[in-house]
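Work through the exercises below with the sequence and coordinates at hand. Each task is followed by a stepwise solution.

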Amino acid sequence: MAASPLFLGLDGTKALVYDADSGEVLGRGSVGYELVSTRPGQAEQAPSLWVEACKESINDALSAAGTDWEETAGRVRAVGVSGQQHGLVALDGDKQVIRPAKLWCDVESAPEAAELSQLWGVTIVPAITASKLLWLQRHEPQHWERLAHVLLPHDYINFWLTGRLCMEASDASGTGLYDLAAGRWDTSRLAALGDRAASCLPELVGPNEVVGTLRPEVAAELRLPPTVQVAPGGGDNAMAALGAGAVKEGSWVLSLGTSGTLFGPSSKPVLDPSGTINPFASAAGDFLPLLCTLNCTGPTEEVRNSFGMSHEEITALAAKEAPGCSGATMLPYMLGERTPNWPQATGALLGLRPGMLRPGLLFRAAMEGATFSLLAGMRRLQDYGLAATELRVVGGGSNNKLWRRVVADAFQLPLRFPAEPEAAALGAALQAAAVHSGTPVADYVEAHPPPLEPEALQPAHEAAEAYHKAFQRHQRWGNCLYGGGSCDI
């Protein structure tokens with residue numbers, strides 16, 4: 001009996017090995033590296049770091065997957081790559097990197113983003129690639145003159161693997177230069193950046209295409225068969241949707257990480273001029289409207305560290321506090337905020353009475369504040385006719401049982417929890433398996449659902465009113481302090 005085929009999923013610094021027959025993850029590897037930030041707003045990395053991280057994490061994942069490294073590597077049939085969205089990788093005419101890549105969290109292009117927002121009549125945030133291209137043109141003309149090719153991070157890894165310059169829709173839709181409804185580059189927007197920008201964008205590939213096979217020198221370096229196929233890959237959120245099994249409308253993913261995200265598949269594009277909902281494409285050929293907040297687990301960690309308590313200790317105290325925190329409201333905007341677009345905002349703690357500066361209450365208030373920011377995004381999605389029937393919750397915050405309860409009761413939706421912690425890497429591996437088999441990605445994921453924890457967490461309906469009132473306070477305080485709204489609380 002032939003050994004089962006294996007598929008590699010890569011996500012930034014992480015790799016995993018997926019057995020298509022058993023549906024199990026056999027091995028994982030991860031590598032850490034730092035970003036460059038030597039001036040305010042700067043966040044850059046050398047793409048060569050990503051390549052080295054891929055090599056090391058692939059080796060570690062294959063080593064963990066079996067006792068015979070060569071036999072395990074010989075069973076690999078395809079690889080899929082997930083990567084951070086937005087950003088800018090600039091290549092010259094020889095396909096060499098011109099300068100370090102600007103990452104999504106680099107905000108040096110904030111003035112350019114504001115200018116494009118005014119020009120296009122929609123909110124463009126500094127994360128978007130279009131603003132970074134305009135920044136490069138104005139601040140580094142010597143590099144702009146050399147610019148011949150524009151890629152995003154995962155596209156660069158695909159280029160290293162195969163030698164092909166291309167991009168798929170989930171990443172293209174995060175550039176600000178993609179016509180989501182038409183499925184092509186937006187020529188009217190590109191005109192604002194000049195002729196060079198239009199000539200630098202790569203060809204677009206579909207979600208079920210094979211990008212290519214490994215270049216011989218890469219196959220030799222990785223000790224993988226040269227016949228290994230490379231799937232289109234995608235942005236990390238699109239890949240996480242696959243890895244969480246969210247490929248049907250109504251099943252949404254909520255990620256509680258350093259940033260908070262809420263996204264799910266849709267049969268129609270969502271074009272929100274306010275910028276609250278990002279108009280992304282999915283990795284399966286449909287659409288993936290997405291909300292992203294800057295402040296999620298950071299504020300809870302600020303509170304915990306301030307009291308010098310363990311997660312278990314402070315969570316136990318927070319569980320004793322009532323939903324709504326006795327009227328205390330935390331606006332968790334310690335890093336400013338992307339959604340709403342309030343970059344000047346700061347964190348705020350409001351509604352305090354004597355005796356309320358308790359560690360458990362403040363920890364719970366931070367949890368609730370971050371959750372309410374995501375709930376506001378769900379309400380915005382409902383304005384466009386979208387509705388969730390369940391949330392699949394991922395990210396570090398999802399490991400906290402109290403936070404799970406807060407989310408279930410605030411959203412009044414059942415929660416499911418993917419068993420694989422690296423949802424984006426698993427999604428990339430599932431895409432690779434789908435493309436290799438010739439099966440549409442969404443159909444493959446539906447037929448091979450990623451494992452979930454056995455029990456769903458149901459909302460407590462008796463808590464709905466307390467959370468509704470607390471959410472309303474959160475929204476009014478935010479609009480009062482940062483949105484120019486009424487302060488009649």
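**Exercise 1.** Determine how glutamate 140 and arginine 99 interact, and whether each is buried or exposed.

Solution.
1. In this predicted model, the side chains of glutamate 140 and arginine 99 form a salt bridge, with N to O at 2.5 Å.
2. The pair joins distant parts of the chain, 41 residues apart: glutamate 140 lies in the loop between α4 and α5, and arginine 99 in the loop between β6 and β7.
3. The cut-off for buried is under 20% relative accessible area. Glutamate 140 has 11% and is therefore buried; arginine 99, at 9%, is buried too.

**Exercise 2.** Find the network of salt bridges that holds Arg99 and Glu140.

Solution.
1. Lysine 102 and glutamate 108 are joined by a salt bridge, their closest N and O atoms lying 2.7 Å apart.
2. Lysine 102 is buried at 3% relative accessible area, and glutamate 108 is buried at 16%.
3. The network links Arg39, Glu44, Arg99, Lys102, Asp106, Glu108 and Glu140.

**Exercise 3.** Classify the packing of helices α11 and α16.

Solution.
1. Helix α11 (residues 236-243) packs on helix α16 (residues 423-437) at an angle of about 75°, and the axes are 6 Å apart.
2. Angles of 65 to 115 degrees count as roughly perpendicular, so α11 and α16 are roughly perpendicular to each other.
3. Residues in the contact include Met239 and Leu242 from α11, and Leu426 and Leu430 from α16.
4. By class, eight nonpolar, three polar and one charged residues make up this contact.

Methods
Residues numbered from 1 in each chain as written. Predicted model: local features only at pLDDT ≥ 70, side-chain atom pairs only at ≥ 80, totals over all residues. Heavy atoms only, no water. Axes fitted to C-alpha atoms, helices over the stretch in contact; angles between N-to-C directions. Helix = DSSP H or I, 4+ residues; strand = E, 2+ residues; numbered from the N terminus. Parallel < 35°, antiparallel > 145°, perpendicular 65-115°, else oblique. Contact = heavy atoms within 4.5 Å. Nonpolar A, V, L, I, M, F, W, Y, C, P; charged D, E, K, R; others polar. Salt bridge = Lys/Arg side-chain N within 4 Å of Asp/Glu carboxyl O. Buried < 20%, exposed > 50% of the residue type's maximum accessible area, 1.4 Å probe, protein only.
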